[in-house]
Amino acid sequence: QVQLVESGGGLVQPGGSLRLSCAASGSIFSTNAVGWYRQAPGKQRELVAVITRSGGTTTTADSVKGRFTISRDNAKNTVDLQMNSLKPEDTAVYYCNIDVRFGRYGWETFGSWGQGTQVTVSS
């Protein structure tokens with residue numbers, strides 16, 4: 001089990017921006033693809049975005065498409081999530097998972113979850 005840390009969350013007003021970062025011990029791409037997920041109070045954890053090991057292919061959920069961008073920073077060994085035009089419904093705890101695999105039913109997670117980082121969008 002690799003140690004990972006999510007950071008960058010905070011309180012932001014609607015329409016604002018945040019940049020989340022997922023850092024892991026060793027190579028963050030040592031196991032399959034990397035994904036960002038979120039869980040709002042009273043709701044199930046859902047996929048936000050995924051980036052492949054090569055970084056050449058990215059996938060984002062329809063609810064955040066055009067607003068969120070997932071990317072890889074090779075120098076810092078991180079996978080980042082740039083969140084723009086934030087909405088109140090984006091409020092959630094955001095987690096990254098460094099062992100994500102695509103199967104018959106879509107993206108599945110096999111890695112452990114970190115502590116997550118809280119994102120609150122409120123006026």
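## Close-up views of a predicted model

**View A. Strands β7 and β8 (residues 78–83) lie side by side, joined antiparallel by six bridges.** Keep in mind as you look around that this is a predicted model.

**View B. An open sheet is built from four strands in the order β1-β3-β8-β7.** The pairing in this sheet is antiparallel. At its edges sit β1 (4–7) and β7 (68–73), each of which pairs on one side only. On average, neighbouring strands here are turned by 15° against each other, direction ignored.

**View C. Asn 74 sits in the loop between β7 and β8.** With a relative accessible area of 57%, Asn 74 is over the 50% cut-off and therefore counts as exposed. Its side chain makes a polar contact, at 2.7 Å, with the side chain of Arg 72. Look also for Phe 29: Asn 74 and Phe 29 are 45 residues apart in sequence, and their C-alpha atoms are 9.9 Å apart in space.

**View D. Strand β4 (residues 33–39) is largely enclosed by the rest of the structure, because six of its seven residues are buried.** β4 pairs with strand β9 (residues 92–103) in the antiparallel sense over six bridges, and in that pairing Arg 38 stands opposite Tyr 94. β4 also runs antiparallel to strand β5 (residues 46–51), joined by five bridges; here Gly 35 stands opposite Val 50.

**View E. The hairpin of β4 and β5 has six residues between its strands.**

Definitions and conventions:
Residues are numbered from 1 along each chain as its sequence is written. This is a predicted model: local features need pLDDT of at least 70, side-chain atom pairs count only at pLDDT 80 or more; totals for chains, interfaces and linings use all residues. Side-chain values use heavy atoms; hydrogens and water are left out. Two strands pair if DSSP finds at least two bridges between them. Helices (H or I, at least four residues) and strands (E, at least two) are DSSP runs, numbered from the N terminus. Axes are lines fitted to C-alpha atoms, for helices over the stretch in contact, and angles run from 0 to 180 degrees between N-to-C directions. Buried means under 20% relative accessible area, exposed over 50%, partly exposed in between (1.4 Å probe, protein chains only). A polar contact is a pair of N or O atoms within 3.5 Å; within protein, one must be able to donate a hydrogen and the other to accept it, and residues adjacent in sequence count only if both atoms are side-chain atoms.
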